[in-house]
Amino acid sequence: MNAPVPPETKGQPGTAAAALFGLCPRCGSRTLFGGVAKFAARCRVCGLDFTRFNVGDGPAAFLTLIIGAVVTALALWLQLAVEPPFWVHVILWVPITAGLVVLGLRAGKGWLLIAEYRRKAGEAVSEDWTMAPPEEPE
Ligand SMILES: [Zn+2]
């Protein structure tokens with residue numbers, strides 16, 4: 001059972017898949033990221049300008065808190081259950097935390113950018129806020 005696809009998103013990748021694999025929201029090419037967790041300036045295939053989207057720091061703060069809580073809980077559980085030496089915690093949790101943060105940032109930032117693209121969200125410009133009523137034709 002698939003939900004009906006709105007016509008404007010037909011042929012585009014699903015939001016979850018696009019976020020996980022860094023797919024361009026317009027053409028579906030794997031061009032969203034230029035660095036580990038940094039957006040490319042534009043899509044190398046269709047030319048979509050990724051710099052006009054601003055996902056902000058929301059994903060970073062949110063993910064850091066969630067991943068920190070999960071890793072701390074797991075480390076406490078391991079310590080209480082097995083009581084391993086300290087170096088086990090270091091070689092286990094440092095790479096896991098770094099990997100989860102990078103993967104989480106890619107998925108979170110990608111998801112927000114794709115959501116902005118799909119909803120045509122953007123910064124308001126001064127023309128959007130004029131107080132004068134529209135001129136009526138005579
Ligand atoms: Zn593209």
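C24 counts as buried because 25 C-beta neighbours lie inside 10 Å, a residue being buried if 20 or more other C-beta atoms, placed from the backbone, lie within 10 Å of its own, exposed if 12 or fewer, and partly exposed in between. The model is predicted, so that local features need pLDDT of at least 70 and side-chain atom pairs count only at pLDDT 80 or more, while totals for chains, interfaces and linings use all residues. Residues are numbered from 1 along each chain as its sequence is written.

C24 is placed in the loop between α1 and α2 (58–82), helices being DSSP runs of H or I with at least four residues, numbered from the N terminus. Residues up to four places away in sequence aside, C24 touches S29, T31, L32, C43, V45, C46 and L48, contact requiring C-beta atoms, placed from the backbone, within 7 Å. C24 also belongs to the largest nonpolar core, whose nine residues include L32 and C43; such a core is a set of buried Ala, Val, Leu, Ile, Met, Phe, Trp, Tyr and Cys residues joined through C-beta atoms within 7 Å. Both α1 (15–21) and α3 (86–118) supply at least two residues of this core, and the largest share, three residues, comes from α3.

The axes of α2 and α3, as lines fitted to C-alpha atoms over the stretch in contact, with angles from 0 to 180 degrees between N-to-C directions, come within 9 Å and cross at roughly 150°. The two helices α2 and α3 are therefore roughly antiparallel, the term for angles over 145 degrees. Among the residues making this contact are L63 and I67 of α2 and W93 and L100 of α3.

Note on methods: Contact = placed C-beta atoms within 7 Å. Parallel < 35°, antiparallel > 145°, perpendicular 65-115°, else oblique.
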